[in-house]
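Please look at the sequence and the model below before reading on. The paragraphs that follow go through a helix pair, a sheet and a pocket in turn.

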Amino acid sequence: MPAVSRTRRRIPVIAALVLPMTLVPTAAQAGSKTDDGSSLGDAQGNRQGRNITVETKVRTTVQGSSDSGRTGSLSSSDGNWTPPACWYEPAFSPKEIQATVKTWRGISGLPFIGSIGEFVGDTLDQRYKDGKPYKNYNLDKQGEGMFWAAAVNPNRKDDPEAMACDRPPFWVDNGVTPPEPLAVSPQILAEYAYDELPVPGTEIEMKPTGATKVNLPTWIWLDKAKFKKISVTASLPGTGLSATTTAEPVSLHIDPGTSDARTYPASGDCEINADSSIGEPYAQGKANDTPPCGVTYLRASGSDGSYPLQATVTWKISWTSTTGEGGDLPEGTFGATQDVTVQEIQSVNR
């Protein structure tokens, strides 16, 4: 299947500027241009606490996407780890910083805005024009580096950790790695790609279908066509940085939704087969056999109507990068709940 590219639109904007929230509008005037005529697009951003942040330029491409249609996102099996909520990446050239200040000044006099544009413009000029710490927007270094700014993971923009990147845009020469723990790196790209992995939905096949009987083994399996390796490559244009994160299904865990049940295997963990399938489809004549993956309910669901059977697939996660770095990330899980009706076996007395 051809790779699917997903590019997040980058909106240039001054980032991580610490100002009182009542003084910072969420959008500046659109259509700003640099001195050389290149467009800056819409000068707007997402406000996190007291900061304004840029939309990331990181692009993701999916390899091995499932044809199953419905997909979901992984949850880390390590409760102490999550993909990064924010990082710093190259964002603005000196001319773009200069044009952004001009944009802010241009919004003064608009309804409900008043002179706030001049106020913000003066504040920015103190940092980027008047030598505190930058002089004349670093225009004499145009092409020699970029101002790096905070970018928020769009999947985690509401996380408290998204406010951890609170530095105003700072200068970094080309080819230099800034001494900043949250500066974009191959591992950060790999962890971001983890958040972008579109794993297939976990809708299991069951036999009997519809309703099962008390003490009758129910066979459970997953189609090998749906559960294959899937990878996402995250890259940052212009930097040469790229990382590929790969998820490989390893097992299916069955939680029958009641303690009055017996799972196969007893742990409820069905390992993946050599052909990437899980379990074994039911075949005629095996009604009383023990399934390699399945469940036997010991009590009818009765007036409650059904039991919520939870099927969760565990995925092994690894990553590689253009720099040669790589390794493993915490396993991910994704599951779904299916209602199972369990009926008593009806006997006939003669």
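Are H1 and H2 roughly parallel or roughly antiparallel to each other? In this predicted model, the axes of helix H1 (residues 94-106) and helix H2 (residues 116-128) come within 7 Å and cross at roughly 155 degrees. Angles over 145 degrees count as roughly antiparallel, and H1 and H2 are therefore roughly antiparallel to each other. On the H1 side, the contact is made by Ile 97, Val 101, Trp 104 and Arg 105, while H2 contributes residues that include Val 120, Leu 124, Asp 125 and Tyr 128. Sorted by class, the contact of H1 with H2 has 6 nonpolar, 2 polar and 4 charged residues.

Turning to the sheet, 3 strands form an open arrangement in the order E7-E8-E9, with antiparallel pairing. The edge strands, each of which pairs on one side only, are E7 (86-92) and E9 (170-173), and the twist averages 45 degrees from one strand to the next. Strand E8 (residues 145-152) is joined to E7 by 6 bridges, and within E8 the bridge partner of Trp 87 is Ala 151. In general, strands of a sheet pair through backbone hydrogen bonds.

By class, the lining of the largest pocket has 11 nonpolar, 6 polar and 2 charged residues.

Methods
Residues are numbered from 1 along each chain as its sequence is written. This is a predicted model: local features need pLDDT of at least 70, side-chain atom pairs count only at pLDDT 80 or more; totals for chains, interfaces and linings use all residues. Side-chain values use heavy atoms; hydrogens and water are left out. Two strands pair if DSSP finds at least two bridges between them. Helices (H or I, at least four residues) and strands (E, at least two) are DSSP runs, numbered from the N terminus. Axes are lines fitted to C-alpha atoms, for helices over the stretch in contact, and angles run from 0 to 180 degrees between N-to-C directions. Angles under 35 degrees count as roughly parallel, over 145 as roughly antiparallel, 65 to 115 as roughly perpendicular and the rest as oblique. Contact means heavy atoms within 4.5 Å. Ala, Val, Leu, Ile, Met, Phe, Trp, Tyr, Cys and Pro count as nonpolar, Asp, Glu, Lys and Arg as charged, and the others, Gly among them, as polar.
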